[in-house]
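Hello,

Here is the structure I promised to hand over.

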Amino acid sequence: MFKKILIANRGEIAMRIIFACRELGIKTVAVWSEADENSLHVRFADEDVCIGPARSADSYLNVPAVISAAEITGADAIHPGYGFLSESAYLAEVCEACHIKFIGPDPQVIRLMGDKARARRVMKKAGVPILPGSDGPVESEEKALKVAKEIGFPVIVKATNGGGGRGMRVVRNASELPHAVKTAQREAEAAFGVGDVYIEKYVEAPRHIEFQILGDQHGNVIHLGERECSIQRRHQKLLEESPSPALSDKVRRKMGGIVIDAAKAVQYTNAGTFEFLMDSDGRFYFMEANTRLQVEHPVTEMVTGIDIVKEQIRIAAGERLRFKQGDVVFTGHSIECRINAEDPETFVPSPGIIHAFSAPGGPGVRVETLAHSECTISPYYDSMIAKIIVHGRDRSEAVARMRRALEMTVIEGIKTSIPLHLNILNDPAFIAGKLSTSFMEQFLARRPKGGRLAEAV
Ligand code: MV4
């Protein structure tokens, strides 16, 4: 087992990784930017190294700085968390060259999944259902038109190196296609340095459902069920839950089997997520695979009782999976609310000092946060400052728990998304489990202007 792990991240996820390391008896190294000197992850790590100025590009994204910190402290592995360098095949390769274990899949697998058009082709070959579309990138507008006419409008043009919604264009008729292809290519070139785009049939208002998997270095793969992540705004998830209100045990078993076969086909190791779109008829289509630990991993931990971060570390150290698929038992229902430092009406970021902080507790409540009283929320990083996760015997108990947990959270000095979450939890469509990626748009349109939001507590 590793003796010392460097955590190449900040905030709540750095803390989450420290929790796992402490339980496993592994020493930790925190890295920090000048904006994070007084943060919890620095305080609770065994050692810490400053890796640069506040700007992420100069610190948390700086591969030489991260590698140097690992070498100076003698860390034998790096956990990248999510965001930042977590899906950098380059960092994984540099780690290999430096004999530092990267806690994640092999660089080849990270690179494969980073190319969405290639991932689509490989998944199709592995028997995973995909949407009709182009076989790889479309080289010309003529080719794009030919594919679009074959599959029928509406179609969606996506950047092969995209993700998170950038470089995407929905096209409803042939006349719009040339312009959409051009702008998507230009956007992709600017954002990712590669202008390739591919085409898929567009699904209206789908659900976003993703499967969590774990694969060891001995060819064993299990799935830990799904998370429903349809409640999002501008590609930022707000609330996630497991199980999905839309999945039967039978469909879960079928989908789970498919993702296990797919993961085995690419020799996937460590933790991973296979994202699917589910249409209104309940049909599933592979969208992309994420080769990192995800923000919303706790809802899966709550319903399976499996500590995904500890499993990631054990897998990276070469251990065999300690669970067979039959050992994975799903119990109850879990919901996560992402608490952002932002105005709940306008979504404008609200950095500043938290003058008073009190986390909720009680049965079935878990809080993951970088916050403490008198802490500073920096404008340099993501606005997510806490995750409140609840577990209940069923969905309605989980919803009631989340309401009382949010009502009993104290965050003074900045605005947060707590009032928005309380409104979502009281929405009849949410309560009925009628979810889709259009949920938030419709919810915000229903919400009368001028403060029908629940009072912040
Ligand atoms: C789609 C789609 C509908 N049809 N692809 C958005 C982010 C990127 N990962 C893929 N996305 C989508 N791809 C087809 N063929 C709708 C979306 C989409 C979406 C997906 C998941 C969660 C939220 C979303 C919000 C808008 C659009």
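**Starting at Lys4**

Lys4 sits in strand 1, which covers residues 4–7. Please keep in mind that this is a predicted model. Is Lys4 buried or exposed? Its relative accessible area is 17%. The cut-off for buried is under 20%, so Lys4 counts as buried.

What does the side chain of Lys4 reach? One partner is Glu47: the two side chains are joined by a polar contact of 2.6 Å. Another is the backbone oxygen of Thr73, which the Lys4 side chain reaches at 2.5 Å.

**The chain as a whole**

The chain has 457 residues, and 57% of them are buried. Its secondary structure comes to 15 helices and 20 strands. The radius of gyration is 22 Å, close to the 23 Å from the globule rule for 457 residues, so the chain is as compact as a globular protein of that length. Along the principal axes, the C-alpha trace spans about 60 × 55 × 45 Å.

The domain assignment gives three entries for the chain: domain 1 (4–103), domain 2 (132–201) and domain 3 (207–446). The centres of domain 2 and domain 3, taken over C-alpha atoms, are 29 Å apart.

**The ligand**

Where does the ligand lie? Both domain 2 and domain 3 give residues to the shell around the ligand, so the ligand lies between them.

There are 16 residues around the ligand. Those that come nearest are Lys158, Glu200, Lys201, Val203 and Glu288. By type, the shell divides into seven nonpolar, five polar and four charged residues. Three strands each supply at least two residues of the shell: strand 6 (155–163), strand 8 (197–201) and strand 13 (284–290).

- Lys201 uses its backbone: an N or O atom lies 2.7 Å from a nitrogen of the ligand.
- Val203 also uses a backbone N or O atom, 3.0 Å from a ligand nitrogen.

How much of the ligand does the protein cover? On its own, the ligand has 520 Å² of accessible area, and the protein covers 89% of that.

That is what I found. When you open the model, begin with Lys4 in strand 1, then go to the ligand between domain 2 and domain 3.

Best wishes

Methods. Residues are numbered from 1 along each chain as its sequence is written. This is a predicted model: local features need pLDDT of at least 70, side-chain atom pairs count only at pLDDT 80 or more; totals for chains, interfaces and linings use all residues. Side-chain values use heavy atoms; hydrogens and water are left out. A residue is near a molecule or strand if one of its heavy atoms lies within 4 Å of it. A polar contact is a pair of N or O atoms within 3.5 Å; within protein, one must be able to donate a hydrogen and the other to accept it, and residues adjacent in sequence count only if both atoms are side-chain atoms. Accessible areas come from the Shrake-Rupley method with a 1.4 Å probe; for residues, only the protein chains shown count as cover. Helices (H or I, at least four residues) and strands (E, at least two) are DSSP runs, numbered from the N terminus. Ala, Val, Leu, Ile, Met, Phe, Trp, Tyr, Cys and Pro count as nonpolar, Asp, Glu, Lys and Arg as charged, and the others, Gly among them, as polar. Domain bounds come from an automatic or database domain assignment. The radius of gyration is taken over C-alpha atoms; the globule rule is 2.2 Å times the number of residues to the power 0.38. Buried means under 20% relative accessible area, exposed over 50%, partly exposed in between (1.4 Å probe, protein chains only).
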